[in-house]
Amino acid sequence: MNFSEVFKLSSLLCKFSPDGKYLAACVQYRLVVRDVSTLQVLQLYTCLDQIQHIEWSADSLFILCAMYKRGLVQVWSLEQPEWHCRIDEGSAGLAASCWSPDGRHILNTTEFHLRITVWSLCTKSVSYIKYPKACQQGISFTRDGRYMALAERRDCRDHVSVFVCSDWQLLRHFDADTQDLAGIEWAPNGCVLAVWDTCLEYKMLLYSLDGRLLSVFCAYEWSLGIKSVAWSPSSQFLAVGSYDGKVRVLNHVTWKAITEFEHPTNINNPKIPILRGGVGLLRLQVVYKEAEKSPQQALDHLAFPPCRAAAGLSSPESKYEIASVPVSLQMLKPAADRANPKIGIGALAFSPDSYFLATRNDNVPNAVWIWDVRKLRLFAVLEQLRPVRSFHWDPQQPRLAICTGGSKVYLWSPAGCVSVQVPGEGDFHVLSLCWHLHGGSLALLSKDHFCLCFLDTVGVGTAGGQQGNHT
């Protein structure tokens, strides 16, 4: 495992291109595009103001830079550096900007969500879509890029419109049976649209492409409802995280919950009975706890060669230890008199093979729960020393990267987990991270800098033993 040198960064704006060849990073009003293999600067673009959002086109030929404060969008071409496009929304302002799946249209949402303007880079034509709803997730494209679903609010009611992305013609329009629609998301296969209601009412609605209501799921009433939603890559499961600290997994046949994953703060019995070949067995779920240790111990116990800068480390490192039960996880008591309480499932994500589901319960902020979706059981719990900021799966294999805002990055796979110190002068606080398309490297982002972490092609080893050996 090796690390690149540290580069400057602003506002955590750093993204790999979809084809995996380039890495774009913002430094105030400058956009720097590097070659991923050499990290050499390929292009340096200067924008009119500080960049607040960047996004690659699907074919990696263009990159969009949005400056919301000035209502501006600038588009740059990698093939023709002298070409650029400037879009000024004027007095309407700019609240959001994104690419269409074809990479030749830009969708700008004006302030106060008065309309969406569709700009064509090929014909320079402009189209308008009225009544977009200001909500958590109001636009969703199918993975094949053919259709766009848009949440709308008109006449004090929620609606959903489905557009054909090739010509932006309206395909379907239907009412959504919600009080205050909070988000929409297509299944990866593009056949089903999930629509969920405000957190004040637990309601999940599933619609077909032609607008037919397939099912309505409501787990309970008279309490805070849905907080997070994730489709499995196979489209077979829909995971719904809620404020009661549970994840309910819906199946694609009946759209009923096939299981509920609870997140207790006390883990008393790690032995879960399962049946295999008609014989009852006991399967051990592992609780890993991060513990500080000296730098020398860290180098002695790594299951792979240390990074090239590790020899000079002097800051405290950490390792994972397998905790003995019972285990009490650190719990955060939420403030009852404030909005958006720190309770419930705030983050969840499926592994690329749909075999595992990672979750975070916001009132147990230091823990990441990993569930075996095939056996519908808890597989492992990772308890960190600091609250978990984010986690992301390797796009190519079931390997999870976690950051906590400290100077370490954490990796988990079914074989085990490891804590890795980020080398460099001074403290490099990892606030966010993103995977390369092929899973061989990670971009680690801090407040003012970023670096790349190059991983071994083999699976993650563990300082505390192999999880797969516990039965």
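Modeller: Two strands pair if DSSP finds at least two bridges between them. Keep that in mind as we look around, and remember that this is a predicted model.

Colleague: Happy to. Which residue is the bridge partner of A230 in β24?

Modeller: A230 has A239 as its bridge partner in β24. That contact belongs to the pairing of strand β23 (residues 226–231) with β24, which run antiparallel and are joined by five bridges. On the way from β23 to β24 the chain makes a hairpin with five residues between the strands, and S235 there takes a positive phi near 70°.

Colleague: And what happens between β24 and strand β25?

Modeller: Five bridges join β24 to β25 (residues 246–251), and the two run antiparallel. L238 stands opposite L250 in β25. Here the hairpin has three residues between the strands, and G245 in the turn has a positive phi of about 80°.

Colleague: How should I read the two faces of a strand like this?

Modeller: The general idea is that side chains in a regular strand alternate between the two faces of the sheet. In β24, F237, A239 and G241 lie on one side, while L238, V240 and S242 lie on the other, and all are buried.

Colleague: Why is β24 described as largely enclosed by the rest of the structure?

Modeller: Buried here means under 20% relative accessible area. Six of the six residues of β24 (residues 237–242) are buried, so the strand is largely enclosed by the rest of the structure.

Colleague: How many residues of strand β16 are buried?

Modeller: In β16 (residues 147–154), six of the eight residues are buried, so to speak "mostly covered". Strand β15 (residues 139–141) pairs with β16 in the antiparallel sense over three bridges, and S140 has A149 as its bridge partner in β16. The β15 and β16 hairpin has five residues between the strands, with G145 in the turn at a positive phi of about 80°.

Colleague: Now for whole sheets. What is the order of the open sheet that contains β19?

Modeller: This sheet has four strands in the order β19-β20-β21-β22, with antiparallel pairing. β19 (183–186) and β22 (213–217) stand at the edges with a single partner strand each, so one side of each is left without a neighbour in the sheet. Neighbouring strands are turned by 20° against each other on average, direction ignored.

Colleague: Let's turn to charges. How many salt bridges does the structure hold?

Modeller: The general idea is that side chains of opposite charge can pair when their charged atoms come close. The structure holds 20 salt bridges. One of them joins the side chains of D59 and R104 at 2.8 Å, N to O. D59 is in the loop between β7 and β8, R104 is in the loop between β11 (96–99) and β12 (105–109), and they are 45 residues apart.

Colleague: Where does K246 take part in a salt bridge?

Modeller: K246 forms one with E260, the closest N and O atoms being 3.6 Å apart. E260 lies in strand β26 (residues 257–262) and K246 in strand β25, so the pair ties together parts that are 14 residues apart in sequence. E260 is partly exposed at 41% relative accessibility, and K246 is partly exposed at 22%. Both belong to a network of salt bridges that links D244, K246, R248, E260 and E262.

Note on methods: Residues numbered from 1 in each chain as written. Heavy atoms only, no water. Buried < 20%, exposed > 50% of the residue type's maximum accessible area, 1.4 Å probe, protein only. Axes fitted to C-alpha atoms, helices over the stretch in contact; angles between N-to-C directions. Salt bridge = Lys/Arg side-chain N within 4 Å of Asp/Glu carboxyl O.
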